[in-house]
Amino acid sequence: MGIKFGREYRDIIDDFTNALQEIECCHEFLEMSSEDWGELNEGERKECIKTLADDLFYGLGTEAQMSVGDCTVTHDPKRHVIRIDQGEALTRVIHLV
C-alpha cells in the first residue's frame, strides 16, 4: 500500500530522525544493546536513527502502528501525518504534506 506524501522525502526523514532521537531506548528496535549503542559516537547514532526512520516509514505503509522503545509510532492517512506518542502524551507529529 505505502504512505502517500507530498513533501520532499529527505525532509520527512530528517524530521522523523529528529523526533526518534528523543525516544529513550530506540536502539532496542535496532536490536542493539545499551553497551553497543553507548560505544557509537553522535554521528553514528544519528545515521542509525536515520536508517530506523527510513525503515519505519516503509513499515508504516503496511502496518498502521509500530512500537519503538516506550513509544507508539502511527501513520494517520486521513491527516497525512505520522504521530509519535509516549503513553497518553503526543510526543511529535511529522507532516507528510
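1. In this predicted model, Asp-85 has a relative accessibility of 11% and therefore counts as buried, the cut-off being under 20%. Asp-85 forms a salt bridge with Arg-83, and the closest N and O atoms of the two lie 2.7 Å apart. Arg-83, at 30% relative accessibility, counts as partly exposed.

2. A search of the whole structure gives 4 salt bridges, including one between the side chains of Arg-79 and Asp-76, with an N to O distance of 2.9 Å. Here Asp-76 is buried, with a relative accessible area of 13%, whereas Arg-79 is exposed, with a relative accessible area of 64%.

3. Another salt bridge joins Asp-15 to Arg-7, with 2.8 Å between the closest N and O atoms. Asp-15 is partly exposed at a relative accessible area of 29%, and Arg-7 likewise counts as partly exposed, at 23% relative accessibility.

4. Turning to the aromatic residues, the count comes to 5 aromatic pairs. In one of them, the ring centres of Tyr-9 and Tyr-58 are 6.1 Å apart and the planes stand at 45°, so the pair is tilted. This pair links distant parts of the chain, since Tyr-9 belongs to helix H1 (residues 9-20) and Tyr-58 to helix H3 (residues 42-59), 49 residues apart.

5. Phe-57 and Tyr-58 also pair, with ring centres 5.6 Å apart and planes at 80°, so this pair is edge-to-face. Phe-57 is buried, with a relative accessible area of 2%, while Tyr-58 counts as exposed at 53% relative accessibility. Tyr-9 is partly exposed, with a relative accessible area of 23%.

6. Together with Phe-5, the residues Tyr-9, Phe-57 and Tyr-58 form one aromatic cluster.

Terms used
Residues are numbered from 1 along each chain as its sequence is written. This is a predicted model: local features need pLDDT of at least 70, side-chain atom pairs count only at pLDDT 80 or more; totals for chains, interfaces and linings use all residues. Side-chain values use heavy atoms; hydrogens and water are left out. Rings of Phe, Tyr and Trp (its six-membered ring) pair if their centres lie within 6.5 Å; planes under 30 degrees apart count as stacked, over 60 as edge-to-face and the rest as tilted. Helices (H or I, at least four residues) and strands (E, at least two) are DSSP runs, numbered from the N terminus. Buried means under 20% relative accessible area, exposed over 50%, partly exposed in between (1.4 Å probe, protein chains only).
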